[in-house]
Amino acid sequence: MRLLFVHQNFPGQYRHLAAHCAALGHEVVGVGEKRNVARVRSPAGVKVLGYDMPAVQGDSLQKALARGRRVAGGAAALRASGFRPDVVFAHIGWGEALFLKDVFPEARMLLYCEFFYRSRGSDFGFDPEFPAGADKLLHLRVMNAPLLMSLDAADAGMAPTRWQQAQFPAVHRPNIAVVHDGIDTQAVRPAEAPSQPEELVTYVARNLEPYRGFHVFMRAIPEIQRRRPNARIVVVGGDEVSYSPRLPAGQTYRARMLRELEGRIDLSRVHFTGRVPYARYLELLRRSSVHVYLTYPFVLSWSLLEAMAAGCHVIGSRTPPVQEVIRDGENGLLVDFFSPEAIAERIEFALKRKSHLLELRRNARRTVVENYDLRSICLPAQDKLLARLLEGERADARAAADVQHLPGDEPRFPVGEKEHRARDVVGLA
């Protein structure tokens, strides 16, 4: 088969699946934004192409349309070169999937359905410290518009958790399978030898920001240090912003919290590492005495499942989708997201009873092995989903004929204001 994966930060969530498909002998092409894919090692056996994305003025819908047009132009050039995929995998966000079905109408399209915005019961308005105004509320529908357009064009979708699937409109949910990306539990595993008796409290996020509870965790540190004067706290994450409200230029949430807590924290026992290599991150998880994971009701981080697979004692926020994974007192402990005092109390409880809570660590790893293991659970489930997708009815032949008549020397795509030539998709070494 020929398979096309599209993700602006390729491989993103497709890092395991794309390599798996290539290892099976399929011809696999990955497409992403050039500046992003240039920074990441390509999955084995995958040809990676990049497109340039110039700055676009306007709201999220206008930006999504512009990106969709850009990707469509490159896809038309790819088609003209002779590559016609059997299946197109595309992330639903950013607009990349908007017009791919029009370029490849004979292909089946499977969307990665990561998140759908809701005005209630989700991230919007969750944190009173960062209130959402009326304009933001109205803008949610604008943000969802390209998602709905992509869903309308797709053949099926997959979401990594049940809660994330449940955020999508009811009419689309039956066509969205719940299949996680997968955790490599052979690579992510507990240390073979018992760790030293050091009290090591760990916190990990891609970026240190409110969506991942960084501000709440920081406010818990004075009480953690009062209760456990010998504890060492390691905070992993960058200073950029992935999801939270943007700060003025030059400001970071880490600097803001350090100013707020100045004089109340013993910084000699708090270590900010920034982002670290993956091997160092796994080693830190293996040494962790207590690992804290906090999040708004939002996308579930890989880091939570990796911490559990590493046998960490996890204290997680009592928020979905964390509650989908952690059962309080069985495979971890849950705590009120907004309570620094409760977080400190749970950490003290865990550190005092380390030997008595070993079963929680074992159960945490067992949860991931039995439900999210890459090789035994997730890749087989994705293979089955792909097989079912290919068994479905093919797209309308007349739509395919419309695209087949595009001039081969200067491929045009009928959506957009200008021509898109082969230079829009550039192969990367």
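**View A. Helices H10 and H13 cross each other.** The axis of helix H10 (302–309) and that of helix H13 (residues 358–371) come within 7 Å and cross at roughly 120 degrees. Axes are lines fitted to C-alpha atoms, for helices over the stretch in contact, and angles run from 0 to 180 degrees between N-to-C directions. H10 is therefore oblique to H13 (under 35 degrees is roughly parallel, over 145 roughly antiparallel, 65 to 115 roughly perpendicular, and the rest oblique). Leu305, Met308 and Ala309 of H10 are in contact with Ala364, Arg365, Thr367 and Val368 of H13, contact meaning heavy atoms within 4.5 Å. Helices (H or I, at least four residues) and strands (E, at least two) are DSSP runs, numbered from the N terminus. The model is predicted, so that local features need pLDDT of at least 70 and side-chain atom pairs count only at pLDDT 80 or more, while totals for chains, interfaces and linings use all residues. Residues are numbered from 1 along each chain as its sequence is written, and side-chain values use heavy atoms, with hydrogens and water left out.

**View B. Six strands form an open sheet with parallel pairing.** The strand order is S10-S9-S8-S11-S12-S13, where two strands pair if DSSP finds at least two bridges between them. Strand S10 (270–274) and strand S13 (333–335) are the edge strands, each pairing on one side only. Neighbouring strands are turned by 20 degrees against each other on average, direction ignored. Helix H9 (residues 278–287) lies across strands S8 (200–207), S9 (232–238), S10 and S11, at about 145 degrees to S8.

**View C. Strand S11 pairs with S12 and with S8.** S11 (residues 290–293) and S12 (residues 314–317) are joined in the parallel sense over 3 bridges, and tyrosine 293 stands opposite glycine 316. S8 and S11 also pair in the parallel sense over 3 bridges, with threonine 202 as the bridge partner of histidine 291. In a regular strand, side chains alternate between the two faces of the sheet. In S11, Val290 and Val292 point one way and His291 and Tyr293 the other way, and all are buried; buried means under 20% relative accessible area, exposed over 50%, and partly exposed in between (1.4 Å probe, protein chains only).

**View D. Phenylalanine 126 and tyrosine 296 form a tilted aromatic pair.** Their ring centres are 5.2 Å apart, with 55 degrees between the planes. Rings of Phe, Tyr and Trp (its six-membered ring) pair if their centres lie within 6.5 Å; planes under 30 degrees apart count as stacked, over 60 as edge-to-face and the rest as tilted. The two residues are 170 residues apart: phenylalanine 126 lies in the loop between strand S5 (108–112) and helix H5 (134–153), tyrosine 296 in the loop between S11 and H10. Tyrosine 296 is buried, at 3% relative accessible area.

**View E. Phenylalanine 298 belongs to an aromatic cluster.** Other members of this cluster include Phe115, Trp163, Tyr211 and Tyr243. Phenylalanine 298 is situated in the loop between S11 and H10 and is buried, with a relative accessible area of 6%. Leaving aside residues up to four places away in sequence, its contacts include Asp123, Arg212, Pro320 and Pro321.
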